[in-house]
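Please read them with the structure open.

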Amino acid sequence: MSSDEFKAELKAINLSVKDFAAKGGWVYQSVTNAISRDKITEQMVLVLEMIKRIKELESQVAGLKALIKG
């Protein structure tokens, strides 16, 4: 994945680089260096995919809760 694609994915899920670094257990500077050098690791992509999936599940849970209440 290119840095541009990676940044677009972060933007699509409304997640800053700083928040991504914190969720992945990385130092912010390491993540910004990887992005600026276009050296996105497989591990970074996997964490991004997991975060996206968690957000999808949270959205589904919220929808189910609304359905139950409604």
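1. Which residues in helix 2 meet which residues in helix 4? In this predicted model, F20, K23 and G24 are the residues on the helix 2 side, and they meet M44, V47, L48 and I51 in helix 4.

2. The axes of helix 2 (residues 17-24) and helix 4 cross at roughly 100° and come within 10 Å. Angles from 65 to 115 degrees count as roughly perpendicular, and helix 2 and helix 4 are therefore roughly perpendicular to each other.

3. Helix 1 (residues 3-12) also packs with helix 4 (residues 42-69), at an angle of about 20° and with the axes 11 Å apart. That angle makes helix 1 roughly parallel to helix 4. The crossing of helix 1 past helix 4 is left-handed.

4. On the helix 1 side, this second contact is made by F6, E9 and L10; helix 4 contributes M44, L48 and K52. Four residues of the contact between helix 1 and helix 4 are nonpolar, none is polar and two are charged.

5. There are two aromatic pairs in the structure. In one of them, the ring centres of F6 and F20 lie 5.2 Å apart with the planes at 80°, so the pair is edge-to-face. It links distant parts of the chain, since F6 belongs to helix 1 and F20 to helix 2, 14 residues apart.

6. F6 is buried, at 0% relative accessible area, and F20 is buried with a relative accessibility of 0%. F6 and F20 form one aromatic cluster with W26.

Technical notes. Residues are numbered from 1 along each chain as its sequence is written. This is a predicted model: local features need pLDDT of at least 70, side-chain atom pairs count only at pLDDT 80 or more; totals for chains, interfaces and linings use all residues. Side-chain values use heavy atoms; hydrogens and water are left out. Axes are lines fitted to C-alpha atoms, for helices over the stretch in contact, and angles run from 0 to 180 degrees between N-to-C directions. Helices (H or I, at least four residues) and strands (E, at least two) are DSSP runs, numbered from the N terminus. Angles under 35 degrees count as roughly parallel, over 145 as roughly antiparallel, 65 to 115 as roughly perpendicular and the rest as oblique. A crossing is left-handed if the near helix is turned anticlockwise from the far one by less than a right angle, and right-handed if clockwise. Contact means heavy atoms within 4.5 Å. Ala, Val, Leu, Ile, Met, Phe, Trp, Tyr, Cys and Pro count as nonpolar, Asp, Glu, Lys and Arg as charged, and the others, Gly among them, as polar. Rings of Phe, Tyr and Trp (its six-membered ring) pair if their centres lie within 6.5 Å; planes under 30 degrees apart count as stacked, over 60 as edge-to-face and the rest as tilted. Buried means under 20% relative accessible area, exposed over 50%, partly exposed in between (1.4 Å probe, protein chains only).
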